[in-house]
Amino acid sequence: MRTSQPQTIYLNEYKVPAYLVDHVDLRFELFENGARVHSTMTVRRNPECVQSKAPLELDGDSLKLESVSLDGLPLDAEAYDDQGDKLVVPNVPAQFELNVVTWIEPQNNTRLEGLYKSSGMFCTQCEAEGFRSITYYPDRPDVMAMFRTRIEADKAAYPILLSNGNPVEQGELAGDRHFVTWEDPFPKPAYLFALVAGDLVEKKDTFTTCSGRAIDLRMYVEPRNAEKCDFAMDSLKRAMRWDEEVYGREYDLDIFMIVAVDDFNMGAMENKGLNIFNSSCVLASQNTATDASFQRIEAIVAHEYFHNWSGNRVTCRDWFQLSLKEGFTVFRDAQFSADMGSPTVKRIEDVTLLRTAQFAEDAGPMAHPVRPASYMEISNFYTLTIYEKGAEVVRMINHLLGDDLFRKGSDLYFERHDGQAVTTDDFVRAMEDASGRDLSQFRLWYEQAGTPVVTVADHYDEDRGVYRLDICQSVPDTPGQTGKKPQHIPFALGLLSRAGEPLPLNLSAAEQDGPQERVLELTESEQSFEFHGLSERPVPSLLRNFSAPVRVQYPWSRDQLLFLMSHDPDGFNRWDAGQRLAVDVIQSLIGAPEGAEVEPRLVGAYRNLLSDVSLDQALVAKMLLLPSEAYLVELSEQADVPAIYAARQKVLTHLAESLRDDLVGCYQRSRAEGEYQLTPQAIALRSLRNTALAWLLHIKDEQGLAFALEQYRSADNMTDRLGALRALVNSDFADEREQALRAFYEQYSDDPQVVELWFSVQASSYQAGQLPQIQTLLDHPAFDWKNPNKVRSVVGAFAGQNLAAFHKADGSGYQFLADQVCRLDDSNPQIAARLISPLTRWKKFAPHYGQQMKAALECVRGKSELSPDVYEVVLKSLSD
Ligand code: PHE
Ligand code: ZN
């Protein structure tokens, strides 16, 4: 455990490192009862550091120090200070070699940080500060060294020994042991170090780069997963090609490796040349992975690969700059996914996540800027704001500069900073220098937390034929930040005639054939824009394709929304109009009397979607999904979850009953014929069909039940099988539900990823995931507290997706979550701190609920020996 009290770290206290490491030579002796790590560092004083007499300070965590020597001479215990979390060596020369030997116990490491064991193999996770639990080292990203790594282990148990770079030597050792030595020619921060030792099968492929170099591609997985690698390998090759074509980035080493591990705190990690993946984010087959998992795998494989340039070749100066690599890389992987599939669908999915979860974060106690100014525990800052909002910020730069200048900017950034550890400011400066644009006000996107609110009012002057938009913007206060300045917002819009035709946007009376879409640049708190030459009052299509991560307020009428739903040329805005309409209808029913009418025009709009086969089916599949409870909570002031749930259910029931025959027709028609394919069309058809099925079962339709049972039986892919299971689980057909759940588990009990799906289908279902049932899942033999995926698929799904079961009036859901967080905090604080997040927004809920959520947080605060991770979240959530 950590020895020191959690401290706040501030960006404005950044100091360059006093010492730099040029080379580090590591030797790992791996045993069943522990590992000995020998580290030899070539150290020199940093010429940029003014303090020339500074002692050498190395970071450490949970290490047993065995010896220290300087320039080959062992140091006495008096010659250094082993403080546990720091090893301090005073009076060192300007240049020297330091050798440190530590003993660690990977087999007992449940935090999954540093070196640990997962299903019998050794693996590492060093970002952000895991390397310090392997050996004493200046564990900060602005210290970049060349690594040479020798791994020694039992040959039979660990035939495969991997690290970063290229293998340069291998051989036999006494006692049936062997070794492999790896050398990474690119200097890197310690957080990109990786090591893997295990009994793994190797899948090989090759990729020829744009300059004609042949790269060895390898995947290493447990033997039982040998058949689940093809899709990831194919995604990798497509990502490599794409990065050459779109960003001009060629791969640099001769070998690129991917390893799958079952126990992993996050999705995957971009270690140089040796990416390590959570099994659920890389392994897939038609029969075990859903369309959503395939798409996630494609995106994450690309994301980690893209980090090789945006993150590894150019890395972060300090962890406040985390979004430098994450925001940019998420933007890059989103562009890639859009190019591989349907751009509109991808945009809808990203915006849904952003508006549901990032906006919530930005309005809660953990709100922080894309470039935070302070933190206590960096692990808590791998957030939606750093990743998703960070990606939106890069996307806006792209939008403001246009594709060509943006590419010039990224080329300049990579060229200028190759091999360096830099800041988000350096990124923006490269964009400015390449484009000649001034982004000084734009930089506020990195500095100010909170989601800007853009309020639009419109006026039409019939006599002059002028339509005017008055646009105000403001950024709400967030913890520690008030009185914010207006930001630079690219606001894309179009105007439609009553007949549904796009109108020219003429910004003056002199202009004639203005473009049908414009990007207004909002820079002040209040601005007006006039559009000339309009013979009728237009319908505005605002913030097209979600051109900025803001909340737009405009008094849309239901007629306008219905109109936009079918006429907006911007697919995203068509979807968005449908969402706004559904939100409006659901909100109007919250707490309404029993017999309150559901807007009949909503039924008509959905009937259109279900029956008009000329529409883009991928878009239709998205438009049919009602806004989630989480989004409705995010939009409300004092959320009463049971009331929100009831209103949403009421709309769903009404729609399904009114459209029963259309749903049957849609189900029968939307069959993806032939072989299983992952095209946007085929994915859309499966999604449509599964939505129709879910709606039919929601109203306990017998025909729907027959469809579900037959689909379950005959499915040739996991999307359809799970779709049928989910529909049954969420229905009132209790016997069929139990039967299907039993059959599914029996069939897939030996596949951990499918078992995770099985857990989460139940835990996220109101019908199957009430608290007593959640308890039963926790007692299930396949549940494992040490495995983050299992914890997420039960506890995370319950608290994060099964809102009406979690927010019970008696507070039982909150207390349950608090108990699980306390239990996990001892073994895996990072996961515990993530799990607690549903409680942090207690102020958002109606007082009866909010007070009990707060009480649950106080319970967690009362636990003895709370980790810094959970401590920070609880402290911030409870402070005013
Ligand atoms: N850097 C990883 C990514 O690609 C995420 C990660 C962070 C993984 C910390 C593990 C630990 O986004
Ligand atoms: Zn990343």
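For reference, ideal angles are 109.5 degrees for four tetrahedral donors and 90 or 180 degrees for six octahedral ones.

(Buried means under 20% relative accessible area, exposed over 50%, partly exposed in between, with a 1.4 Å probe and protein chains only.)

## What you're looking at

This is a predicted model: local features need pLDDT of at least 70 and side-chain atom pairs count only at pLDDT 80 or more, while totals for chains, interfaces and linings use all residues. Residues are numbered from 1 along each chain as its sequence is written, chains are lettered from A and ligands numbered from 1 in the order in which they are written, and side-chain values use heavy atoms, with hydrogens and water left out.

## Aromatic pairs

There are 46 aromatic pairs in the structure. Rings of Phe, Tyr and Trp (its six-membered ring) pair if their centres lie within 6.5 Å; planes under 30 degrees apart are stacked, over 60 edge-to-face, and the rest tilted. Take Phe231 and Phe294: their pair is edge-to-face, 4.9 Å centre to centre with 80 degrees between the planes. Phe231 sits in helix H1 (residues 230-247) and Phe294 in helix H2 (residues 291-306), so this pair ties together parts 63 residues apart in sequence. Helices (H or I, at least four residues) are DSSP runs numbered from the N terminus. Phe231 is buried at 16%, and Phe294 at 5%.

Phe294 also pairs with Tyr676: the ring centres are 6.1 Å apart and the planes at 45 degrees, so this one is tilted. Tyr676 belongs to the loop between helix H15 (660-669) and helix H16 (680-698), 382 residues from Phe294. Tyr676 is buried as well, at 13%.

## Arginines over rings

Arg689 lies over the face of Tyr667, 4.1 Å from the ring centre. Arg721 does likewise with Tyr712, at 5.4 Å. The cut-off: NZ of Lys or CZ of Arg within 6 Å of the ring centre and within 35 degrees of the ring normal.

The largest nonpolar core has 285 residues, and Leu30, Tyr137, Phe491 and Phe531 touch the most other members. Such a core is a set of buried Ala, Val, Leu, Ile, Met, Phe, Trp, Tyr and Cys residues joined through side-chain atoms within 4.5 Å.

Gln579, in helix H10 (residues 571-589), is buried at 6%. Beyond four places in sequence, Gln579 touches Leu625, Leu626 and Pro627, where contact means heavy atoms within 4.5 Å. Val870, in helix H28 (residues 868-878), is buried at 0%. Its C-alpha is 6.7 Å from that of Ala832, 38 residues away along the chain.

Definitions and conventions. Helix = DSSP H or I, 4+ residues; strand = E, 2+ residues; numbered from the N terminus.
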